[in-house]
Amino acid sequence: MAIRESSADERPVTRGWAGCLAVVGGFLTGAVVWVLGAAPGVRGGFEGERDLSLLYVELPLLLFGMPALALAAWALAAGVLRVREGLAALMMVGVLALAAWAGAEWLDVRTAPFTRGGPW
């Protein structure tokens, strides 16, 4: 059995998979936030009024923005800061949780006229 020296160019295989999982997690987070937050505006929650801009503005923003944000957080933590993978994953989950909260709050403001009958 020969002992192989590791070079600085070799990366663990888990980093590539973890980046893919970050993108999938970001996509799923964006989809869930949009489905839960935009439902009253798309369905027509108050007097049947609908806001279809939720489909062509917020949906792509959440579906493509969340994975990009998750991948950026993962790349920053694992690549630039060179922290351990567990800490990088924790940082990515924290960033996704904060972005999900911000997205839910934004959609709550956008769909307020459909759920409360007015902007007040």
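**Before you click**

This is a predicted model, in which local features need pLDDT of at least 70 and side-chain atom pairs count only at pLDDT 80 or more, while totals for chains, interfaces and linings use all residues. Residues are numbered from 1 along each chain as its sequence is written, and side-chain values use heavy atoms, with hydrogens and water left out.

**Stop 1: the whole chain**

Switch to cartoon. The protein has four helices and zero strands, and reading along the sequence gives α-α-α-α. Here helices (H or I, at least four residues) and strands (E, at least two) are DSSP runs, numbered from the N terminus. Of the 120 residues, 31% count as buried. Buried means under 20% relative accessible area, exposed means over 50%, and partly exposed is in between, with a 1.4 Å probe and protein chains only. As for contacts in the protein with a separation of 6 or more, 72% of them come from residues 24 or more positions apart; contact means heavy atoms within 4.5 Å.

**Stop 2: helix 2 against helix 3**

Select residues 53-80 (helix 2) and 85-110 (helix 3). Two packed helices are described by the angle between their axes and the distance between the axes. For this pair the angle is about 160 degrees and the axes are 8 Å apart. That makes helix 2 roughly antiparallel to helix 3. The axes are lines fitted to C-alpha atoms, for helices over the stretch in contact, and angles run from 0 to 180 degrees between N-to-C directions. On that scale, under 35 degrees is roughly parallel, over 145 roughly antiparallel, 65 to 115 roughly perpendicular, and the rest oblique.

Now show side chains. On helix 2, the contact residues include Leu62, Met66, Ala70 and Trp74; on helix 3, Ala88, Met92, Leu96 and Leu107 are among them. The residues of this contact divide into 19 nonpolar, one polar and three charged. Nonpolar covers Ala, Val, Leu, Ile, Met, Phe, Trp, Tyr, Cys and Pro; charged covers Asp, Glu, Lys and Arg; the others, Gly among them, are polar.

**Stop 3: alanine 70**

Stay on helix 2 and centre on alanine 70. At 0% relative accessibility, alanine 70 counts as buried. Which residues does alanine 70 contact, leaving aside neighbours within four places in sequence? They are Ala22, Gly26, Met92 and Leu96. Draw a C-alpha to C-alpha distance from alanine 70 to methionine 92: the two are 5.9 Å apart in space and 22 residues apart in sequence.

**Stop 4: the core**

Select Trp34, Leu62, Met66, Trp74, Ala88 and Leu107, the residues with the most contacts inside the largest nonpolar core, which has 20 residues. Such a core is a set of buried Ala, Val, Leu, Ile, Met, Phe, Trp, Tyr and Cys residues joined through side-chain atoms within 4.5 Å. Helix 1 (13-43), helix 2 and helix 3 each supply at least two residues of this core. The largest share, eight residues, comes from helix 2.

Zoom in on tryptophan 34. Not counting residues up to four places away in sequence, tryptophan 34 touches Ala39, Val42, Leu54, Leu55, Glu58, Leu59, Leu62 and Leu107.

**Stop 5: along helix 1**

Next, pick alanine 38, in helix 1. Alanine 38 is buried, with a relative accessible area of 1%. Beyond four places in sequence, alanine 38 touches Val33, Leu54, Leu107 and Thr111.

Move along to glycine 41, also in helix 1. Glycine 41 is buried too, at 0% relative accessible area. Leaving aside neighbours within four places in sequence, glycine 41 is in contact with Glu49, Arg50, Asp51, Leu54, Thr111 and Phe114.

**Stop 6: two loops**

Leucine 52 is in the loop between helix 1 and helix 2. It is partly exposed, with a relative accessible area of 48%. Its C-alpha is separated by 9.8 Å from that of alanine 38, 14 residues apart along the chain.

Finish at arginine 82, in the loop between helix 2 and helix 3. Is arginine 82 buried or exposed? Arginine 82 is exposed, with a relative accessible area of 66%. Check the backbone as well: arginine 82 has a positive phi of about 55 degrees although it is not a glycine.
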